[in-house]
Amino acid sequence: MQRGRTLPWVAALLLGLMGLLVCGSDFQHHCYEDMVRALFAVQSECPYITRIYSIGHSVEGRHLYVLEFSDNPGIHEALEPEFKYVGNMHGNEVLGRELLIKLSQFMCEEYRAGNQRITRLIHDTRIHILPSMNPDGYETAAKQVMDTHGPEFNGYLVGRGNAKEMDLNRNFPDLNALMYYYEKTNGRNHHLTLPDNWEQQVEPETMAVIKWMQNYNFILSANLHGGAVVANYPFDKSRDARIRGRTTYAATPDDKIFRKLARTYSYSHSWMHKGWNCGDFFNEGITNGASWYSLSKGMQDFNYLYTNCFEITLELSCDKFPPASALPREWLGNREALVSYLEQVHHGIKGMVYDENNNPIGNAEVSVAGVNHDVTSGVDGDYFRLLLPGTYTVTASAPGYVSSTSTVTVGPAEAIQHHFYLKTAPKLNLKVKPHNGKKNLSSPKSPLKLGPR
């Protein structure tokens, strides 16, 4: 009798936990349908801190689902930074996809358990997780694995691209060439303009991610790949031609902060920082992208040149499609690094840009003396600038207002808050003195030349 009463209770308990623990304790690879079920199970288990939304569709019509964590899902709160993780950009590089599913389950579980660190992150950050940017490529790669009886037989490139076999990490508009030209001509250093016909040149998945960037003011991001173990930071595209068969280091104006971000992940990872992995050596487990090999039209450079977002690329496994038996070790090796990297969005300076009447000013430019890369305030007037500890001269400016400059000291802990108040620029007196002489009605000596526009 006792046994008969216990079984229904156990069954009910397991049913209640099933939503959260689908693949929570046992690790497995998730096909598209399984991935969607896992994300919706997390949302069901933590409905007050999560939201699921789609940023678009793949070539074959699969949703590109994002799971958001926030204490106010669906709402941008002023001075709360936006963060994103993107996985599975290359369909056959699958560890990132599984880690982001597991991270989602972990954050929900730990929040419910009262973990103060995770609770604070969710309350102070708006976190967006896209486990698979290339679900079509994943299905192709997974089918190859099944047909060949194991991931060790998977072709190195099978499923890398989307359904049209386009490499999504070579598919973003090339803004590097424009940036490198502007560096020589003292031109614009941020939020570069897209080519007129860019929408005709990108794949649906790329289009969806670009629109996503346009709709959210992301501050920090990481893009999860496989095939090596190293934290790769911008620029990916070299400024120079190959020298003696090698490409050269291409530093961004924010090279020091990018190196710090990469090291944060590397040293929080169980073995990345050791350097020797997959037959390669990367000092401290980090590398400049162009120094490794030059890459055009990549996503991390695009983030930096088109938005306020700083993104690095995380190569997380020697095996692009590791067996399910390797997933528990990989999760333990990456768990702390995934959380520590996320916390980096709360460093530097942040604040509001207001006018004289305390109205927020959107799209104001915030520049740091000595760093040739500006950021802009969001639509709510809030700005975020990742910086290392130090003292900086910071200027906020906007059309129609007088610029304001302050000295701000950044510490090693939480971001320093500093608000700017811009005064309306005085209007120019355009009154013209009357001319007493006769009007010259004759034609000018030189005909008026019209420009090409």
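A residue counts as buried when its relative accessible area is under 20%. The exercises below use this cut-off on a predicted model.

**Exercise 1.** Find how many helices and strands the chain has, and what share of its residues is buried.

Solution. Start with the elements: the chain contains 11 helices and 18 strands. Then turn to burial: of the 453 residues in the chain, 52% are buried. Last, take the surface: the chain exposes about 21900 Å², with 53% of it supplied by carbon and sulfur atoms.

**Exercise 2.** Describe helix 11: its span, its bend and its buried residues.

Solution. Step one is the span. Helix 11 runs over residues 327-343, which is 17 residues. From first C-alpha to last it reaches 24 Å, close to the 24 Å expected at 1.5 Å a residue. Step two is the bend: at Asn334, helix 11 bends by about 40 degrees. Step three is burial. Asn334 is itself one of the buried residues of helix 11. Others among them are Leu327, Glu330, Trp331, Gly333 and Tyr341.

**Exercise 3.** Locate Asn88, decide whether Asn88 is buried or exposed, and list what its side chain meets.

Solution. First, the place: Asn88 sits in the loop between strand 3 (82-87) and helix 3 (95-112). Second, the area: Asn88 has a relative accessible area of 0%, so it is buried. Third, the polar contact: the side chain of Asn88 pairs with the side chain of Arg97 in a polar contact at 2.9 Å.

Note on methods:
Residues are numbered from 1 along each chain as its sequence is written. This is a predicted model: local features need pLDDT of at least 70, side-chain atom pairs count only at pLDDT 80 or more; totals for chains, interfaces and linings use all residues. Side-chain values use heavy atoms; hydrogens and water are left out. Helices (H or I, at least four residues) and strands (E, at least two) are DSSP runs, numbered from the N terminus. The expected span of a helix is 1.5 Å times one less than its number of residues. The bend at a residue is the angle between axes fitted to the seven residues ending there and the seven starting there. Buried means under 20% relative accessible area, exposed over 50%, partly exposed in between (1.4 Å probe, protein chains only). A polar contact is a pair of N or O atoms within 3.5 Å; within protein, one must be able to donate a hydrogen and the other to accept it, and residues adjacent in sequence count only if both atoms are side-chain atoms. Accessible areas come from the Shrake-Rupley method with a 1.4 Å probe; for residues, only the protein chains shown count as cover.
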